[in-house]
Amino acid sequence: MVKTQAELKTALGTLKSGDTLKIGPGDYSGGHSLSGLADLTVEALDPKSPPLFRGGTHAWQFSRCPGLTLRHLHCQGQTGNGFNLDDGGQRTAPVKGAVLEDLRIEDIGPQGNFDAIKCSGLQQLRIERCEISGWGGQAIDFVGCSDALIRSCRITGKKGFSQHTGPQFKGGSSK
């Protein structure tokens, strides 16, 4: 459990596969990256008062994190992507089992190919009850993904953002 930016920075350096990171309410910087951790959960300590990750190129980037769960997180004002999940460039070894629930993503970009949720090389992915408002490229962008489910999400455009598409499946995506 972390409740400050300093505690979060320390915790990120000690996480192991199978851990659950609970983040307290408040403002945190964006720009966090994790890789190679399986069955990791990152979630709000209090789902009614989620932590807000402001700014940075991305709020969070997860590379090669199978079984990842993100729950009750909020990001705003990233200049690249909000949440970015990828296969670490290992196109023949997709990452399986990510779950994104109750995320709130706003003001990403605002102009150009900047996505609220960016997924590359994932399989068996579930995105549920997320709210996306204002983005540059795609609200949810899938590249080389398969077996994905998007359910009960609210995707709303906002003046001043290019918002090319809502969900988009491209570059080797299927089902």
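How many helices and strands does the protein have? Here is a friendly walk through the model.

1. **What you are looking at.** This is a predicted model, in which local features need pLDDT of at least 70 and side-chain atom pairs count only at pLDDT 80 or more, while totals for chains, interfaces and linings use all residues. Residues are numbered from 1 along each chain as its sequence is written, and side-chain values use heavy atoms, with hydrogens and water left out.

2. **Helices and strands.** The answer to the opening question is 1 helix and 19 strands. Both are DSSP runs numbered from the N terminus: a helix is H or I with at least four residues, and a strand is E with at least two.

3. Of the 175 residues, 47% are buried. Buried means under 20% relative accessible area, exposed means over 50%, and partly exposed lies in between (1.4 Å probe, protein chains only). The protein exposes about 7800 Å², with carbon and sulfur atoms supplying 49% of it; these areas come from the Shrake-Rupley method with a 1.4 Å probe, and for residues only the protein chains shown count as cover.

4. **Contacts along the chain.** Take the contacts (heavy atoms within 4.5 Å) with a separation of 6 or more: 62% of them come from residues 24 or more positions apart.

5. **The core.** In soluble globular proteins, nonpolar side chains tend to be buried together. Here the largest nonpolar core has 43 residues, and Leu21, Trp60, Phe62 and Leu70 touch the most other members. Such a core is a set of buried Ala, Val, Leu, Ile, Met, Phe, Trp, Tyr and Cys residues joined through side-chain atoms within 4.5 Å. Elements that each supply at least two residues of this core include α1 (5–12), β1 (20–23) and β6 (58–63).

6. **Phe62 and Thr69.** Setting aside neighbours within four places in sequence, the contacts of Phe62 include Leu34, Leu40, Val42 and Leu70. Thr69, in strand β7 (residues 69–71), is in contact with Leu40, Thr41, Val42 and Val99 under that sequence limit of four places. Is Thr69 buried or exposed? Thr69 counts as buried because its relative accessible area is 11%.

7. **Arg151.** This residue lies in strand β17 (residues 146–151) and is partly exposed, with a relative accessible area of 40%. Not counting residues up to four places away in sequence, Arg151 touches Arg126, Ile127, Glu128 and Arg129. Arg151 and Leu73 are 78 residues apart in sequence and 17 Å apart in space, C-alpha to C-alpha.

8. **Backbone details to check.** A cis peptide bond joins Gly109 and Pro110, with omega about 15°; Pro110 is in the loop between β12 (104–106) and β13. His72, which is not a glycine, has a positive phi near 55° and sits in the loop between β7 and β8 (74–76). Gln124 also has a positive phi, about 55°, without being a glycine; Gln124 is in strand β14 and is partly exposed at 42% relative accessibility.
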